[in-house]
Amino acid sequence: MDTRLQSFQKLLDIMDELRAKCPWDSKQTFDTLRYLTIEETYELSDAIIDKKYADIGKELGDLLLHIVFYAKIGEEQNLFNIETVIDGICEKLIRRHPHIFGKVHVNSVDEVKENWEKIKLKEGSKSVLSGVPNSLPAMVKAYRIQEKARGVGFDWENTEQVWDKVQEELTEFNKEKDENSEKMEDEFGDILFALINYARFVNINPEDALEKTNRKFIKRFNYIEQKAKELDKPLSEMTLDEMEDLWQQAK
């Protein structure tokens, strides 16, 4: 037997044992596992951003366990099982890659994405955007919305047009700001959406970029806190200039 199949069978057997004999595992449901799965996904994201490759493998194992766990619960309730889960994704991958498993020819990544979205619509999707989960974080959601719209040709032609849109939204925000309008929030949202669009055009993942900036800020602010402690001076009693000097040191 293929060693990969042996490893997977071992995991399935362990899951059967845990579900039958472990007090904690036997009580879990779709609902109780859901938030744990979300946590594991974010831990994988952290490992990827930090380029901790050994941790990526570990977190993938945790996620694979969750998939097997859900499939076991589904089997117990006669809803689905690990075979239907795997067969379903295999069939979908074959169906949505006619340029690999069929006679369709493509010349670029963009054409692959366009075909993917067109096939989804033929399969019965009511909207190109229907596959974007409502609960996604807003920045990730905006990025995915834009990608999916691009898949059917609804997109800007070049980077300059997108940057012009950013400038346009900034101008509109400034007009509302000067008038102290209630529309400020809407206009600010438009700025963010346009910036995310620009990031996509220049091949920057805005979620990753912002998270790296968050971590950079935390690291530098922690430096200020540590120096304040060494000086035996509460941070709240420091002047902004003093903190700025320490910030520059941290850089």
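Residues are numbered from 1 along each chain as its sequence is written, and side-chain values use heavy atoms, with hydrogens and water left out. Because the model is predicted, local features need pLDDT of at least 70 and side-chain atom pairs count only at pLDDT 80 or more, while totals for chains, interfaces and linings use all residues.

The pockets come first. A pocket here is an open set of points, on a 1 Å grid over the protein atoms alone, where a 1.4 Å probe fits and where protein lies on both sides within 12 Å along at least five of seven lines; its lining residues have an atom within 4 Å of a point. Grid points are joined across faces, edges and corners, and a volume is the space filled by probe spheres set on the points. The largest pocket has a volume of about 740 Å³. Its lining is made of 22 residues, and those nearest the centre are Thr-41, Tyr-42, Leu-136, Pro-137 and Val-140. Helix 3 (30–49), helix 8 (138–151) and helix 11 (206–230) each give at least two residues to this lining, with the largest share, 9 residues, coming from helix 3. Helices are DSSP runs of H or I with at least four residues, numbered from the N terminus. By class, the lining holds 12 nonpolar, 5 polar and 5 charged residues; Ala, Val, Leu, Ile, Met, Phe, Trp, Tyr, Cys and Pro count as nonpolar, Asp, Glu, Lys and Arg as charged, and the others, Gly among them, as polar.

The second largest pocket holds about 240 Å³ of space. Of its 13 lining residues, Gln-146, Phe-154, Trp-156, Phe-193 and Asn-197 lie nearest the centre. Helix 8 contributes at least two residues here too, as do helix 9 (159–178) and helix 10 (184–201). Helix 10 provides the largest share, 5 residues. This lining has 6 nonpolar, 2 polar and 5 charged residues.

Helix 7 covers residues 109–122, 14 residues in all, and reaches 20 Å from its first C-alpha to its last, close to the 20 Å expected at 1.5 Å a residue. The expected span is 1.5 Å times one less than the number of residues. Asn-115, Glu-117, Ile-119 and Lys-120 of helix 7 are buried, that is, under 20% relative accessible area, whereas exposed means over 50% and partly exposed in between (1.4 Å probe, protein chains only). Helix 5 (82–95), helix 6 (98–101) and helix 8 are among the elements that cover these buried residues. After helix 7 comes Gly-124, with a positive phi near 120°.

Two residues other than glycine also have positive phi. Asn-203, with phi near 60°, sits in the loop between helix 10 and helix 11. Asn-203 counts as exposed because its relative accessibility is 74%. Asp-232 has a phi of about 55° and lies in the loop between helix 11 and helix 12 (240–250). At 70% relative accessibility, Asp-232 is likewise exposed.

The whole structure has 6 aromatic pairs, a pair being rings of Phe, Tyr or Trp (its six-membered ring) with centres within 6.5 Å; planes under 30 degrees apart are stacked, over 60 edge-to-face and the rest tilted. The rings of Phe-30 and Tyr-70 have centres 6.1 Å apart and planes at 25°, so they are stacked. This pair links distant parts of the chain, 40 residues apart, with Phe-30 in helix 3 and Tyr-70 in helix 4 (residues 53–76). Phe-30, at 27% relative accessibility, is partly exposed. Ring pairs join Phe-30, Tyr-70 and Phe-80 into a cluster.

Methods:
Contact means heavy atoms within 4.5 Å.
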